[in-house]
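Welcome, and thanks for taking a look at this one. Below is a short briefing to read alongside the model.

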Amino acid sequence: MTSSCDPALAPAGDVSAALMMIDSRLKQVHDGSTEPDPVQRELLEHFTASLGPDGIEDLLDGVCTLIYMFMQWLRTAHEDHGKDVVEYVVPNLVATMRMMPRSVPAEAIPTMAALVIAAGTGLSPNLWRLQFGYWTEEEMTPLEATAFLLAEHINRMADDRSFATSLISDALSHAEGE
């Protein structure tokens with residue numbers, strides 16, 4: 001029986017724009033800047049304003065697709081070593097989010113953890129979340145932080161600052177070629 005949260009039923013969204021946003025944030029942090037860059041923030045605001053309601057939804061779906069893809073890669077990597085991805089990724093993710101109270105309020109952490117667990121168990125994170133209603137404004141930054149933290153986790157595992165970005169870029173290139 002197919003689940004209502006089956007990834008095959010989920011829109012992929014604008015994965016390229018979501019990847020650009022996460023990659024930009026990764027580069028910013030690796031360049032030593034943890035404070036929001038006012039110019040980058042303004043560019044991001046202009047970009048998201050230009051998307052319109054449908055574009056914003058596509059971007060949200062794209063971020064969820066990234067989370068799903070990251071968790072599938074992490075699941076494979078952990079299973080290759082006889083480990084469970086939820087057991088090894090989620091506690092670290094939650095602990096890191098708890099250290100980010102300005103970006104990830106405490107009340108958003110359970111939702112983001114459940115979103116990652118859904119993705120790690122093969123469910124679509126965006127369809128899982130939509131069971132509980134539409135995204136809220138308060139969930140936007142925690143959602144971005146979740147994708148960022150998963151990408152950074154992958155980069156650390158691969159000992160390559162751009163591995164997660166390359167992983168998705170390669171998958172997108174392969175998908176376009178088919």
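**Overall build**

With 178 residues, a compact globule would have a radius of gyration near 16 Å, and the chain agrees because its own value is 16 Å. Please keep in mind that this is a predicted model. Here is the rest of the picture, topic by topic.

**Fold and dimensions**

- The chain has seven helices and zero strands, giving the pattern α-α-α-α-α-α-α along the sequence.
- Along the principal axes, the C-alpha atoms fill a box of roughly 45 × 40 × 35 Å.
- Among contacts with a separation of 6 or more, 74% join residues 24 or more positions apart.

**The nonpolar core**

- In soluble globular proteins, nonpolar side chains tend to be buried together.
- Here, the largest nonpolar core holds 44 residues, and those touching the most other members are Leu66, Ile67, Phe70, Met71, Leu143 and Leu150.
- Helices H1 (15-30), H2 (38-79), H3 (85-98), H4 (109-120), H5 (125-130), H6 (140-158) and H7 (163-177) each give two or more residues to this core.
- H2 supplies the largest share, nine residues.
- Beyond its neighbours within four places in sequence, Ile67 is in contact with Leu115, Val116, Ala119, Pro125, Leu143, Thr146, Ala147 and Leu150.

**Burial, surface and charge**

- Of the 178 residues in the chain, 38% are buried.
- The chain exposes about 9,900 Å², with 55% of that area supplied by carbon and sulfur atoms.
- There are 10 positive and 27 negative side chains, and the centres of these two sets lie 8 Å apart.

Methods: Residues are numbered from 1 along each chain as its sequence is written. This is a predicted model: local features need pLDDT of at least 70, side-chain atom pairs count only at pLDDT 80 or more; totals for chains, interfaces and linings use all residues. Side-chain values use heavy atoms; hydrogens and water are left out. A nonpolar core is a set of buried Ala, Val, Leu, Ile, Met, Phe, Trp, Tyr and Cys residues joined through side-chain atoms within 4.5 Å. Buried means under 20% relative accessible area, exposed over 50%, partly exposed in between (1.4 Å probe, protein chains only). Helices (H or I, at least four residues) and strands (E, at least two) are DSSP runs, numbered from the N terminus. Contact means heavy atoms within 4.5 Å. The radius of gyration is taken over C-alpha atoms; the globule rule is 2.2 Å times the number of residues to the power 0.38. Accessible areas come from the Shrake-Rupley method with a 1.4 Å probe; for residues, only the protein chains shown count as cover. Lys and Arg count as positive and Asp and Glu as negative; His and the chain ends are not counted. The place of a charge is taken as NZ of Lys, CZ of Arg, CG of Asp or CD of Glu.
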